Amino acid sequence: MNISLRKVKVIFMMKLRMILANLSIMIGPLMALGFVFMYRKIMPSGGNAEEAQFMQSYFLQLGLLFNIMMTGIMASSMPLAEEKEKNTLRVLMTSSVKGSEFFIGSMAPVLLIMVIVNILLLPVSGVSGMNIGLYILITTFSSLITLIIGGLVGLVANTQMTASLLSVPLMMVLMMIPLFSNMNEGMAKVADYLYTGGMSESIANLASKSADPISTHTVIVHFIWLIVSLVAFLYYYKRRGLDND
């Protein structure tokens with residue numbers, strides 16, 4: 001499979017401009033940064049250093065879940081569903097642009113935005129002193145899985161409305177269960193098998209400077225989600241007749 005980097009770059013720049021100009025897509029990263037900033041200002045950070053660290057870690061997890069789920073799913077599924085709805089995707093697939101070039105060029109700018117916002121959330125939340133390398137690794141891994149899931153939603157949906165209807169319950173499950181897992185034992189058990197739950201736990205461990213922040217269980221859960229979502233994506237990718245490589 002030969003991929004033209006020139007074509008990928010052209011698609012990348014086109015999609016990046018389109019995403020930055022689309023408020024309905026950019027609402028995800030803006031809400032992530034805005035909510036964390038607002039909560040940090042209006043909510044008490046605790047009476048001692050340990051409580052303050054816990055609250056800052058919680059704010060960071062909140063922002064990451066908002067960014068990774070809302071930006072990742074909406075920014076990857078909605079444009080794809082729109083192009084299918086307008087039949088522009090079929091035109092691209094019958095041109096000289098290969099399916100792999102189109103999807104790499106389309107997903108890369110979303111991933112770039114997500115990674116930048118994930119890094120910006122650190123100073124906004126007030127968390128400091130954590131292992132930045134491991135932080136970028138686990139959040140980028142989770143972002144990549146979400147992009148694939150969002151791409152799958154875009155492939156399954158025939159219209160933007162359908163993509164939106166499919167995206168909302170996915171976002172609620174993958175975002176809310178880890179967010180409230182500390183408050184409910186049942187949610188905590190479910191969160192153990194969600195990649196977003198593993199990411200949240202790893203972020204909490206990194207913020208508390210744990211000696212073993214990313215557990216083997218978290219790595220295994222992430223790889224299972226990656227493989228399953230990727231297989232499902234490739235299945236629908238070929239079923240929809242988009243593989244012209």
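Helix H1 (5-21), H3 and helix H5 (99-125) are the elements that give two or more residues to its lining. Among the lining residues are Lys15, Ile19, Ala75, Ser76, Phe102 and Phe103. Sorted by class, the lining of the largest cavity consists of eight nonpolar, two polar and two charged residues.

The overall architecture comes next. The protein chain contains 10 helices and zero strands, and from the N terminus on its elements therefore read α-α-α-α-α-α-α-α-α-α. The chain has 245 residues, and 47% of them count as buried. Its accessible surface amounts to about 12000 Å², and carbon and sulfur atoms account for 69% of that area. Consider also the contacts between residues at least 6 apart in sequence: 79% of these join residues at least 24 apart.

A predicted model should be read together with its confidence values. The mean pLDDT of the protein chain is 85, and 89% of its residues reach 70 or more. Among the elements, helix H9 (residues 195-207) has the highest mean pLDDT, 94, whereas helix H4 (residues 88-93) has the lowest, 58. Where pLDDT is low, the predicted coordinates should not be read in detail.

Helix H9 also takes part in a pocket. The second largest pocket has a volume of about 280 Å³. It is lined by 18 residues, and the closest to its centre are Ser181, Asn182, Gly197, Ser200 and Glu201. Helix H3 (49-85), helix H7 (160-179), helix H8 (185-191) and H9 each contribute at least two residues to this lining. By class, the lining of the second largest pocket comprises eight nonpolar, eight polar and two charged residues.

Ser200 belongs to helix H9. Is Ser200 buried or exposed? Its relative accessible area is 4%, so Ser200 counts as buried, because the limit for this class is under 20%. Leaving aside residues up to four places away in sequence, Ser200 touches Gln61, Leu65 and Pro178.

Apart from residues up to four places away in sequence, Tyr39 touches Phe59 and Leu62. The C-alpha atoms of Tyr39 and Gln56 are separated by 9.7 Å, and these two residues are 17 residues apart along the chain.

The last stop is Lys209, in the loop between H9 and helix H10 (216-239). Most residues other than glycine have a negative phi. In Lys209, however, phi is near 60 degrees, a positive value in a residue other than glycine. With a relative accessible area of 49%, Lys209 is partly exposed, because only values over 50% count as exposed.

Technical notes: Residues are numbered from 1 along each chain as its sequence is written. This is a predicted model: local features need pLDDT of at least 70, side-chain atom pairs count only at pLDDT 80 or more; totals for chains, interfaces and linings use all residues. Side-chain values use heavy atoms; hydrogens and water are left out. Helices (H or I, at least four residues) and strands (E, at least two) are DSSP runs, numbered from the N terminus. Buried means under 20% relative accessible area, exposed over 50%, partly exposed in between (1.4 Å probe, protein chains only). Contact means heavy atoms within 4.5 Å. Accessible areas come from the Shrake-Rupley method with a 1.4 Å probe; for residues, only the protein chains shown count as cover. pLDDT is the predictor's confidence in each residue, from 0 to 100. On a 1 Å grid over the protein atoms alone, a cavity is a set of points where a 1.4 Å probe fits but cannot get out, and a pocket is an open set with protein on both sides within 12 Å along at least five of seven lines; lining residues have an atom within 4 Å of a point. Grid points are joined across faces, edges and corners, and a volume is the space filled by probe spheres set on the points. Ala, Val, Leu, Ile, Met, Phe, Trp, Tyr, Cys and Pro count as nonpolar, Asp, Glu, Lys and Arg as charged, and the others, Gly among them, as polar.
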